Amino acid sequence: MKRVRLDDSGNAMVEFTFLAVLLFVPLVYIVVGVFDVQRAAYGASTAAREAGRAYVGAATTAEAEERAEAAARIALADQGLELVPGELQIICSADPCLTPGAVVTVTFGTRVPLPWVPVLGDRPTAAVAVSARHDAVVDAFRAGGES
């Protein structure tokens, strides 16, 4: 009886390609998702901090609100994000807000959609909540006052 030998040349390349695709596609998806969430988290913390600093440095409450929103918008734009109305909230410990020694709490919260996940209706089906908070103290020796 004669043995027949099968030629295995080229099979290693096919097996490697199959396993590489099988392992690298989920890995790339996880890395892209983590980077999107990290980018949003950094943008959120920067937006809250800069909005708080801009708020307490203003002369009037109206100017403070405009400055805080502009600062948050710039900080988010630096990370490729947009400020949506209602994401930035400002709470003051005193009335009026710019009372010397008062604490101004700025909170920013958003949802980061996971990449390549379809959107159903007006909301993404899978998203990660990201939020940040910053407390800024109005300078006790600030010049002038609320007008």
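How many aromatic pairs does a search of the whole structure find? I find one, where a pair means that ring centres of Phe, Tyr or Trp (its six-membered ring) lie within 6.5 Å, with planes under 30 degrees apart counted as stacked, over 60 as edge-to-face and the rest as tilted. The rings are those of tyrosine 29 and tryptophan 116; their centres are 5.6 Å apart and their planes at 40°, so I log the pair as tilted. It links distant parts of the chain, 87 residues apart: tyrosine 29 is in helix H1 (residues 11-56), and tryptophan 116 is in the loop between strand E2 (103-113) and strand E3 (119-120).

Notes on the model. This is a predicted model, in which local features need pLDDT of at least 70 and side-chain atom pairs count only at pLDDT 80 or more, while totals for chains, interfaces and linings use all residues. Residues are numbered from 1 along each chain as its sequence is written, and side-chain values use heavy atoms, with hydrogens and water left out.

Layout. I count two helices and five strands, taken as DSSP runs numbered from the N terminus (helices H or I, at least four residues; strands E, at least two). The order from the N terminus is α-α-β-β-β-β-β.

Exposure. I call a residue buried under 20% relative accessible area, exposed over 50% and partly exposed in between (1.4 Å probe, protein chains only). Of the 147 residues, 28% count as buried. Tyrosine 29 is partly exposed at 30%, and tryptophan 116 is exposed at 63%.

For leucine 88 I listed contacts (heavy atoms within 4.5 Å); beyond four places in sequence, they include Ala51, Ala68, Val106 and Phe108.

Loops. Glutamine 79 sits in the loop between H2 and E1. Is glutamine 79 buried or exposed? Glutamine 79 is buried, with a relative accessible area of 18%. Not counting residues up to four places away in sequence, glutamine 79 touches Arg39, Tyr42 and Gly43. I also found a cis peptide bond between aspartate 95 and proline 96, with omega about 5°. Proline 96 is in the loop between strand E1 (88-92) and E2. As background, most peptide bonds are trans.

Salt bridges. I find six, each a side-chain nitrogen of Lys or Arg within 4 Å of a carboxyl oxygen of Asp or Glu. Glutamate 50 pairs with arginine 53, the closest N and O atoms being 3.4 Å apart; both lie in helix H1, three residues apart. Glutamate 50 is partly exposed at 24%, and arginine 53 is exposed at 51%. Arg49, Glu50 and Arg53 form a network of salt bridges. In helix H2, glutamate 69 and arginine 73 are four residues apart, about one turn of the helix, and their closest N and O atoms are 2.5 Å apart. Also in helix H2, glutamate 63 meets arginine 67 at 3.5 Å, N to O.
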